[in-house]
Amino acid sequence: MPGRQSRQSRRSVLAAITALPLTGALGACSGSDSASSQSSSKTSSKTSSKGKTTITFWSALRGSQEVVDEFNKTHDHIQVAFEQIPSGTAGGYLKLSNAARAGNAPDVATLEYPQVPGFAIDGVARDITSLISDKLRKKLLPQALGLTTFEGRTYSVPLDVEPMVLHYRKDLFDKYGFDVPTTWDEYADLARAVQRTGGRRKACIFSLDIGLYSGFCWQAGAQWFDTSKGAWNVSLNDAPTRRVSAYWQRFLDDDLVYANAPASRANDAQIGNGLVLTRHSGAWDAGAQMNARPEQKGLWRIAPQPQWDPARPSLGTNGGSTFAITKDSRHPEAAMEFIEWQVSHPNSLKARLSSGASSQYPAVSELIPVGRAAFDRAYYGGQDIYTLFEQEAHKIRDGWVWGPRMTATGQVMQDAFTRAAAGSGTLESSMRATQDGTMPDLKALGLKTTQHST
């Protein structure tokens with residue numbers, strides 16, 4: 001991220017967002033590496049002699065070109081020049097950071113929730129608190145807006161928020177007489193029952209990445225980061241996290257799950273061959289499952305994620321995107337008008353969904369009927385998945401905080417998890433290693449830090 005940002009200015013931003021009530025999870029959205037035919041040769045927005053304002057927009061989200069086309073067709077005073085960029089982990093975030101260093105960032109950029117703190121601290125994402133209308137604030141799901149708001153200051157606008165849910169193979173559950181688990185104890189019993197059926201079937205895939213694991217820990221009450229007392233307090237191996245680590249370590253030790261790298265070919269083969277009975281993911285993954293495995297139409301259903309305490313249900317998220325206005329935007333008001341239309345107008349979501357099946361859960365609840373109408377229920381046996389998503393979204397636990405450098409933290413965690421799955425260490429030791437590997441990045445930013453284990 002931009003090297004021009006001084007230690008003092010970073011500390012100033014930190015002071016502005018201390019005790020930030022931010023929640024979020026690493027997303028899992030895909031995009032094309034090809035540039036749009038409408039890409040602008042210059043990322044700075046401009047106003048023509050006829051008074052028409054042109055703003056630039058970078059995103060890796062599928063359907064963004066269709067959204068821009070619809071906006072440009074229906075708006076005369078603002079036009080959007082769009083560039084499709086790689087996903088964040090495939091180079092999109094580096095491209096944005098490099099552009100900001102050169103003072104040439106786009107007006108609007110897509111950020112996944114875990115990236116918002118870092119881009120805010122680095123001064124790439126500007127404070128847009130005064131630009132967001134009261135009308136839009138009232139439309140946004142509070143849990144979603146809380147993901148991007150730091151001590152009353154907002155740095156991006158949510159598009160979707162993705163509560164974690166449980167996908168299960170109804171045909172195999174019926175075949176073996178399994179009940180859908182509602183608690184994590186019941187889920188452990190299910191995993192052992194699957195093992196007793198013989199063959200190669202497993203309860204699920206344990207993905208060796210931060211995306212799902214953070215959601216498990218978030219649900220259990222973990223607090224990996226907080227910014228109380230003006231410091232970044234890091235606790236990646238607190239008591240709730242150790243509880244989750246011990247739980248899944250038993251699954252690994254007893255060979256109850258497949259342990260794979262994220263998005264691996266092994267995942268696809270095991271799911272495609274009917275060897276996996278359940279999957280854990282954000283709501284968005286229902287559409288991804290439909291697109292990836294059309295031959296399994298009618299075999300899957302979706303249920304609430306198992307709970308630790310059903311009397312006090314809680315959830316984390318997995319996925320979701322937001323839109324930020326960058327520091328380089330010369331027309332932030334026009335940029336916000338485009339963002340508000342993009343996240344709240346039915347025609348925007350219809351345009352996005354025209355690019356292919358999707359099950360994203362909108363942050364503006366008024367758009368749920370649009371998503372519901374576009375989704376082919378036949379894949380999930382006629383199930384109304386959006387009613388379930390709406391119910392689960394309100395269980396998202398407040399107070400989760402992402403750190404300033406989650407991409408680096410996630411890579412350290414993945415490397416440690418891979419070693420643990422190979423028998424070198426445990427999930428708990430992996431989380432200790434992740435904390436150790438995270439601290440140098442925070443200190444390099446000039447941030448005041450503390451470490452805790454509970």
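Trainee: Hi! Where does phenylalanine 323 sit?
Mentor: Phenylalanine 323 lies in strand β15, residues 321-325. Strands here are DSSP runs of E with at least two residues, helices are runs of H or I with at least four, and both are numbered from the N terminus. This is a predicted model, where local features need pLDDT of at least 70, side-chain atom pairs count only at pLDDT 80 or more, and totals for chains, interfaces and linings use all residues. Residues are numbered from 1 along each chain as its sequence is written, and side-chain values use heavy atoms, with hydrogens and water left out.

Trainee: Is phenylalanine 323 buried or exposed?
Mentor: Phenylalanine 323 counts as buried because its relative accessibility is 0%. Buried means under 20% relative accessible area, exposed over 50%, and partly exposed in between, with a 1.4 Å probe and protein chains only.

Trainee: And what does phenylalanine 323 touch?
Mentor: Leaving out residues up to four places away in sequence, its contacts include Phe57, Leu61, Val108, Ile339 and Arg352. Contact means heavy atoms within 4.5 Å.

Trainee: Switching topic, which residues of helix α16 are buried?
Mentor: In α16, residues 385-393, they are Ile385, Tyr386, Leu388, Phe389, Glu392 and Ala393. They are on the same side of α16, because they cover an arc of only 155° around the axis. That arc is taken from the directions from the helix axis to the C-beta atoms.

Trainee: What covers them?
Mentor: The cover of the buried α16 residues includes α6 (142-145), β8 (164-169) and α12 (285-292), along with β14 (300-304) and α15 (368-374).

Trainee: How many helices and strands are in the protein chain?
Mentor: The protein chain has 18 helices and 16 strands, and 57% of its 454 residues count as buried.
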